[in-house]
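Q: Could you take me through this structure feature by feature, giving the general idea before the particular case?

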Amino acid sequence: MSLPTLALPGQLLGASSTYNPGPGTHLHASNIYASLPGRPTASTSTHNPSSKSSKPPPKQTLTITRLPSTSATADLGPVSERISNTNALPRVGDVVLGRVTRCMTRQVNVGILIVLGADGAQEEGMVCANEIQGVVRREDVRATEKEKVVIGDGFRVGDLVRAVVISLGDQSNYYLTTAKNELGVIMAKSEYGNTMYPISWKEFKDPATGETETRKVAKPF
């Protein structure tokens, strides 16, 4: 499989039989996934061409280069023609990416940053010039056992989430849902400030400390 122009956290990049994981990626179940949003690159370590060896050439190492906020939509080739800095509003059914800004007992406030469209294709996405306010209510966090949902177990302030717009809501907030396997938290930092990676549908792991934290984890692409 070819590498995407722009990768999102949790996105499948390739198999460990083909690549080695590098900075900005993590290994899970023999596959390599993006840990950071940015541009993926594959590089081969230098070796001595004069040395005679029957060993196969080394595998390429996958690395994610984080894009500066000022150039998040620049120099992305074909993607830059369709990802625009705009105030276009999300529509019902659109997949959106946003950052958790507040957690309360019955809802999560989300600042919508990117609108990916109805099919979630990032090539058709729009980067919002200003954050658009959205809300994930407790009953919209997951599809089953809604009455047992604890907001603090699924989200933390600063988490990056993938959600779907289910209603235009009230005058100040769009109503969002994460009640599908592919929806939920796609990027999170631990209480120590380290970028974590998902290890199950409800846990992220801090690679530095080895500690885990609960989240409503979005299934990787």
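Q: How many residues line the second largest pocket, and which of them lie nearest its centre?
A: The general idea is that rolling a probe the size of a water molecule over the atoms shows where empty space is left. In this structure, which is a predicted model, the second largest pocket has a lining of 28 residues, and those nearest its centre are Trp201, Lys202, Arg215, Lys216 and Val217. The elements that contribute two or more residues to this lining are β3 (25-28), α1 and β14 (197-200), and β14 gives the largest share, with three residues.

Q: How much space lies in the second largest pocket, and how do the residues of its lining divide into nonpolar, polar and charged?
A: The space in the second largest pocket comes to about 560 Å³. Its lining is made up of 12 nonpolar, eight polar and eight charged residues.

Q: How many salt bridges does a search of the whole structure find?
A: In general, side chains of opposite charge can pair when their charged atoms come close. Here the search of the whole structure gives eight salt bridges. One of them joins Lys148 to Glu145, with 3.5 Å between the closest N and O atoms; Lys148 is exposed, at a relative accessible area of 53%, whereas Glu145 is partly exposed, at 44%. Another links Glu139 with Arg137, where the closest N and O atoms are 3.9 Å apart, a value that still falls within the 4 Å cut-off. Both partners of that pair are partly exposed, Glu139 with a relative accessible area of 32% and Arg137 with one of 25%.

Q: Which parts does the salt bridge of Glu213 and Arg156 tie together?
A: The side chains of Glu213 and Arg156 meet at an N to O distance of 3.6 Å. Because Glu213 lies in strand β16 (residues 212-214) and Arg156 in the loop between α1 (151-154) and β11 (160-167), the pair ties together parts that are 57 residues apart in sequence. Salt bridges with shared partners also join Arg156, Asp159, Glu213 and Arg215 into one network. As for accessibility, Glu213 is buried, its relative accessible area being 11%, while Arg156 is partly exposed, at 35%.

Q: Is Ala218 buried or exposed, and what is it in contact with beyond its neighbours within four places in sequence?
A: Ala218, found in the segment after β16, is buried, with a relative accessible area of 5%. Once the neighbours within four places in sequence are left aside, Ala218 is in contact with Arg162, Asn181, Glu182, Leu183, Gly184, Val185 and Ile186. For Glu182, 36 residues away along the chain, the separation of its C-alpha atom from that of Ala218 is 4.8 Å.

Q: Which residues have the most contacts inside the largest nonpolar core?
A: The largest nonpolar core has 23 residues, and Val96, Val108, Ile112, Phe155 and Leu176 are those with the most contacts inside it. At least two residues of this core come from each of β8 (95-103), β9 (107-117), β10 (126-137), β11 and β12 (174-177), and the largest share, four residues, is that of β9. Apart from this core lies another, of 18 residues, including Leu8, Tyr19, Ile32 and Ile64.

Q: What is Leu176 in contact with, leaving aside its neighbours within four places in sequence?
A: The contacts of Leu176 include Val96, Val110 and Ile112, and also Val135, Val136, Ala163, Val164 and Val165. Arg137 and Asp140 are among them too.

Definitions and conventions:
Residues are numbered from 1 along each chain as its sequence is written. This is a predicted model: local features need pLDDT of at least 70, side-chain atom pairs count only at pLDDT 80 or more; totals for chains, interfaces and linings use all residues. Side-chain values use heavy atoms; hydrogens and water are left out. Buried means under 20% relative accessible area, exposed over 50%, partly exposed in between (1.4 Å probe, protein chains only). On a 1 Å grid over the protein atoms alone, a cavity is a set of points where a 1.4 Å probe fits but cannot get out, and a pocket is an open set with protein on both sides within 12 Å along at least five of seven lines; lining residues have an atom within 4 Å of a point. Grid points are joined across faces, edges and corners, and a volume is the space filled by probe spheres set on the points. Ala, Val, Leu, Ile, Met, Phe, Trp, Tyr, Cys and Pro count as nonpolar, Asp, Glu, Lys and Arg as charged, and the others, Gly among them, as polar. Contact means heavy atoms within 4.5 Å. A nonpolar core is a set of buried Ala, Val, Leu, Ile, Met, Phe, Trp, Tyr and Cys residues joined through side-chain atoms within 4.5 Å.
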